[in-house]
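Here's a two-chain model to pick apart. Let's ask what each label rests on and see whether the values back it up.

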Amino acid sequence: MAIQPKIGIRTSPYIHKAPTVAEIMRNVVYALLPLAAYAVYQFGISALVLMIITVLSCITTEHIFCKLADKKTTITDASAIITGLLLAMTLPPGFPLWMGAVAGFSAIAMGKTLFGGIGFNVFNPALVGRAFVQAAFPVSITTWTPTLAVDRFVQFIPSSLALPFMKPVETAEWTTQVAIDGFSGATPLALMKFQQIFTDSYDLFIGFSAGSTGETSSLLILICGAYLVFKKMLDWRIPAAVILGTVIAAECFYLLDATKYPSPAFMVFSGGLMFAAVFMASDMVASPVTPVGIFVFGVLVGFLTVIIRLFGGLTEAVMYAILFGNAATPLIESYTQPHIYGRNK
Amino acid sequence: MNLFNLFGKKTFPKGIHPEGFKEETHDHQARRLPFAHQIILPLSQNIGKPAIPIVHIGQQVQRGEVIAKADGFMSVPLHASVSGSIKKIDLVPNARGNKEQAIIINTALSSAQTHIIGSSNDFASMSRKDLIQAVQNTGMVGLGGASFPTHVKMNIPDDCDIHTILINGCECEPFLTTDHRIMLEQIEFLIHGIYIAMKAVNAPKAIIGVEDNKLNVLEAIQPHLPADGSISIEAVVTKYPQGAEKMLVYSLLGMEIPSGKLPSSIGVAIFNVATLAAIGELLPHSQGLIERIVTITGDDLNKPGNYMVPLGTPLSHILEYAEFTGNEAELVLGGPMMGMPAGFLDTPVKKGTGAVLVLNKRATKHDDILPCIKCTQCLQVCPINLNPSELGMLATKRRYDVMEENYHLNDCFECGCCSYVCPSNIPLVQYFRIAKTLNHERHIMETN
């Protein structure tokens, strides 16, 4: 042969076809953008700035921790953006911005980098951040404001601009000013829990009720989730199992006493369950990988959500249910290893 | 029961659908590659013991003559693939980079290169023992790539009763089209080889399994099948690794080969189409295996195609003939999923080499390895249902013993699906090969 080519050596397989981690993460961000836009439409600039603050806080925290650990920064994989967006969407729209920054910091610092960064987190980082501020700022995180306030695009919700470590700004007065029709400031779940009022499931499904920034429209969440499933970047089995678990548990109680307990439809479409099922429980890293384990995990989360909602002291059931499910993941995996070809069970 | 078959399509669960890249060569009738000036025939071309040379330096040999004899039952003889003179018997680098004994022949360029014809064999009147001996004399090994001596496979233990022979014509690896060409061009040899194999293992029935991207094979073979239905041909779904023994048994028969056992334990024997076609051609005249069809394909080749290549032809000769134009490449012996790398241009084509694949740099970009994000893609493609994600994590922690004992590492047949789909570019199957090798070494140390 005239020219001696340079020969490279590797072992098989020589072909590879997969989206990169960064591509997966970017697509999740794309799927979250319509939800973010809807949140801005509903809640105005408060929601917009809250999301920006949490995202920036998450990115900065991750970058700093990577530098501290002498590692190459991992912010380019966009996973911190997801954490920031997910976090903001579970917070009330009028959540004080400085607390949003704290939530973002604790999500990444305690939920992610302490465990070793992407791939090693035991819990969903966004939920760790939310749980932290839930414990630290119990009043602010349960102060809800009405949707579609008239001047929402020019004016912040008063509580958003609260100064750090000051007494939370009272929003009750503002709420009565901007509310269109007798808004009580309570979310459908709080109404259910404390006043025995069941919001119409259809309103919940479309998303015209008060609630956290990004979790009010189940319909939109399902559409965004469907996009990810179509792109094969979301495992549909987890949301399906969570919803199934919720429906089964809720149906049991509903059959027992329909006046005391809400319908399964209400349970599924209220309180961010849909958001949690599609975007939170499906956190790849913190959920099981085995086929049976995925199902067990989802049903467990749905079941716990109903139990905590009905019998717990709080309405933020789904967050604790998922964190509990995350904690149980290694155990679930060890009991649900798949059947191996050629081996008897 | 195989649920998939209820819907009419024969297949197995999971696996992947890589792009085929077969269009470039599948209509390409096998052409003869000219003889190289020098032929390198390693003594070890099969699983088991290497052959023992019976020629001396300077000796004139004729094409098809035995130049090395089998060393016991787990070995096969080696035949000269050209007429010429023995140049030397020496260590040569093999594809993996270490050295092995080989017989090097200088081709007699003026020779007519006539293939020796031996005594006639009529398999129908031979005893099974004689038939298996005749198969060993052809030097036949599994031509699908595994290089397991065919006569050993045919020597079924007495306590096994073979009910079906499966003839593997799936060719599920991308790029490869040799089996496709054999099933179109050597149908009579193939059918004859199937009868020989049925006799040798005493099986009443044979099924040829072909992926449904080669439906012209079904049309071509159907008229040649016997009227009694003892040999049939069935289409299976085009999916990698359909051609793996374990998968094909499941797809066609709905059976699983028990872990760690041979197919004969469930009454099945599996042969590659190329192997049986070669037996059908060579055995009746007591000839030896001296050449095979090789797909030469990939990047930067002006003349890709299927070639009848004399065994021992060095890659440099092949690249020259196929008009390789690049100046940088990775050379793969076999398909892109399970093939072996070749690091030297004087690496010869062996009995198990079904393809020479040339990949340029663009096709083989190296990416950073990222942490596992537990996306479950690998679990969703592993045809054996292993947990590659967990196995990969254990490998990075060097817990090779746990991989074997708790996560069934040894059931992995290294199809590479997990590495193919990993978004974090984790070289999973590569880790598993290392783990298996180290476990093997550890077990040897422990028993000594």
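**What the labels rest on**

Q: What makes strand E1 of chain A and E15(B) a strand pair, and in which sense do they run?
A: This is a predicted model, so everything here is computed from it. Strand E1 (residues 6–8) of chain A and E15(B) share three bridges in the parallel sense. One of the contacts to look for is Ile7(A), whose bridge partner in E15(B) is Ala329(B).

Q: How do you know which element of chain B gives the most to the side that touches chain A?
A: Start with the contact itself: 52 residues come from chain B and 35 residues from chain A. On the chain B side, the elements giving two or more residues are helix H8 (315–321), strand E15 (328–333), helix H9 (377–381), helix H12 (417–421) and helix H13 (428–447). E15(B) gives the most, with five residues. By class, that side of chain B has 28 nonpolar, 17 polar and seven charged residues.

Q: What makes up the contact of H2(A) with H4(A), by class?
A: H2(A) brings residues including Val49(A), Ile53(A), Cys58(A) and Phe65(A), and these meet a set in H4(A) that includes Leu97(A), Gly100(A), Phe105(A) and Ile108(A). The tally is 12 nonpolar, five polar and one charged residues.

Q: What does the domain assignment give for chain A, and which helix gives the most to the domain 1 side of the contact?
A: Domain 1 is 20–143 + 145–185 and domain 2 is 187–215 + 232–336, according to the assignment. Their contact takes 29 residues from domain 1 of chain A and 19 residues from domain 2 of chain A. On the domain 1 side, helix H1 (21–43), H2, helix H3 (79–90) and helix H5 (125–136) of chain A each supply at least two residues. H1(A) gives the most, with seven residues. That side divides into 21 nonpolar, seven polar and one charged.

Q: How do you know whether the radius of gyration of chain B agrees with a compact globule?
A: A compact globule with 448 residues would come out near 22 Å, and chain B has 22 Å, so the two agree. Along its principal axes, the C-alpha trace of chain B spans about 65 × 55 × 50 Å. Chain B has 13 helices and 17 strands.

Q: Why are E11 and E12 of chain B called edge strands?
A: The four-strand sheet is open, with order E11-E10-E9-E12 (chain B) and parallel pairing. Strand E11 (231–236) and strand E12 (268–272) of chain B each pair on one side only, and that's what makes them edges. Neighbouring strands of this sheet are turned by 25° against each other on average, direction ignored.

Q: What joins E10 of chain B to E11(B), and which helix packs on the sheet touching E9, E10, E11 and E12 of chain B?
A: Six bridges join strand E10 (residues 206–211) of chain B to E11(B), running parallel. Among the partners, Ala206(B) is bridged to Ile231(B). Helix H4 (residues 187–201) of chain B touches those strands, and its direction makes about 145° with that of E9(B).

Definitions and conventions
Residues numbered from 1 in each chain as written. Chains lettered and ligands numbered in written order. Predicted model: local features only at pLDDT ≥ 70, side-chain atom pairs only at ≥ 80, totals over all residues. Contact = placed C-beta atoms within 7 Å. Nonpolar A, V, L, I, M, F, W, Y, C, P; charged D, E, K, R; others polar. Pairing = 2+ DSSP bridges. Domains from an automatic or database assignment. Rg over C-alpha atoms; globule rule 2.2 N^0.38 Å. Axes fitted to C-alpha atoms, helices over the stretch in contact; angles between N-to-C directions.
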